[in-house]
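Please read the following points with the model open beside you, and follow each element by eye as it is named.

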Amino acid sequence: MIAIHNNIQQMMPHCRLAYSLIKQIAIRGAQPALTQEFLKLQAEVAEAYNLDMLPQLPRVAGVRAMYKKLNYDPSRYRPASEALVRRVLQKKDFYYVNSAVDVNNYCSVKFLLPFGMYDQEKIAGDIVYQRSAEGIYINIAGKEVSTDGKPFLTDEMGVFGNPTSDSRRTAVTLTTKDVLTVIYADENVSDEELQSILDYSIQMITCYNGGVLKEKGIVSA
């Protein structure tokens, strides 16, 4: 079960999360075919955008507005999607992780929305998207990050998912068998478009990792 807490609903009444649960996947290292597809997308992004225009793109501006409504500074805590695109535009080497995480990053760059991917077996109980109390967590990079007042997916063990920086606890690795993907959507994305983006991401995940779709949906505030 995934729910949106009142402390998110009050600040962002039209908040939505799209999710999919895919089981029995077989994650491998970076895949040449996916890497080539990603390189093609990066070339298209570099041709279509530049750093000056990036904040004015409707989708990027929409995600930034979503952050601001949650009192989450998008300049200090850059949305994962924007950070990835900026990396492309700055001509920095792109990091490849594995065949599942790379798909997630690909979709985030393609659709300019924050995507989160989590090892479902490491999640305990129901999931609530909420602004968290004071505390710290270890992010995927191994750094301690404050949770105070920031929007997080949480379970019985605490925070794990964030549209900027996820927790190391639920990171997807080569041993992961079941993945939960969450798309953090701004209110300017229609339900129809969000469903299309979700379906595309599911197709990409199963194309490069196999697996069986067990559940998908859109959760609204």
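Which strands does H6 lie across, and at about what angle does H6 run to S2?

1. This is a predicted model, in which local features need pLDDT of at least 70 and side-chain atom pairs count only at pLDDT 80 or more, while totals for chains, interfaces and linings use all residues. Residues are numbered from 1 along each chain as its sequence is written, and side-chain values use heavy atoms, with hydrogens and water left out.

2. Helix H6 lies across strand S2 (16–23), S3, S9 and S10, and runs at about 25° to S2. Helices (H or I, at least four residues) and strands (E, at least two) are DSSP runs, numbered from the N terminus; axes are lines fitted to C-alpha atoms, for helices over the stretch in contact (heavy atoms within 4.5 Å), and angles run from 0 to 180 degrees between N-to-C directions.

3. The strands belong to an open sheet of 4 strands in the order S3-S9-S2-S10, with antiparallel pairing, where two strands pair if DSSP finds at least two bridges between them. Strand S3 (115–119) and strand S10 (212–220) are the edge strands, each pairing on one side only. On average, neighbouring strands of this sheet are turned by 15° against each other, direction ignored.

4. Strand S9 is joined to S3 by 5 bridges and to S2 by 7 bridges, in the antiparallel sense. Across from S9 residues, Tyr118 stands opposite Leu180, Met117 opposite Thr181, and Ile22 opposite Val179.

5. Because 7 of the 7 residues of S9 are buried, this strand is largely enclosed by the rest of the structure; buried means under 20% relative accessible area, exposed over 50%, and partly exposed in between (1.4 Å probe, protein chains only). Both faces are covered, with Val179, Thr181, Ile183 and Ala185 buried on one side and Leu180, Val182 and Tyr184 buried on the other.

6. Asn162 is found in the loop between strand S8 (158–161) and strand S9 (179–185), and at 3% relative accessibility it counts as buried. Leaving aside neighbours within four places in sequence, Asn162 is in contact with residues including Tyr118, Phe152 and Tyr184.
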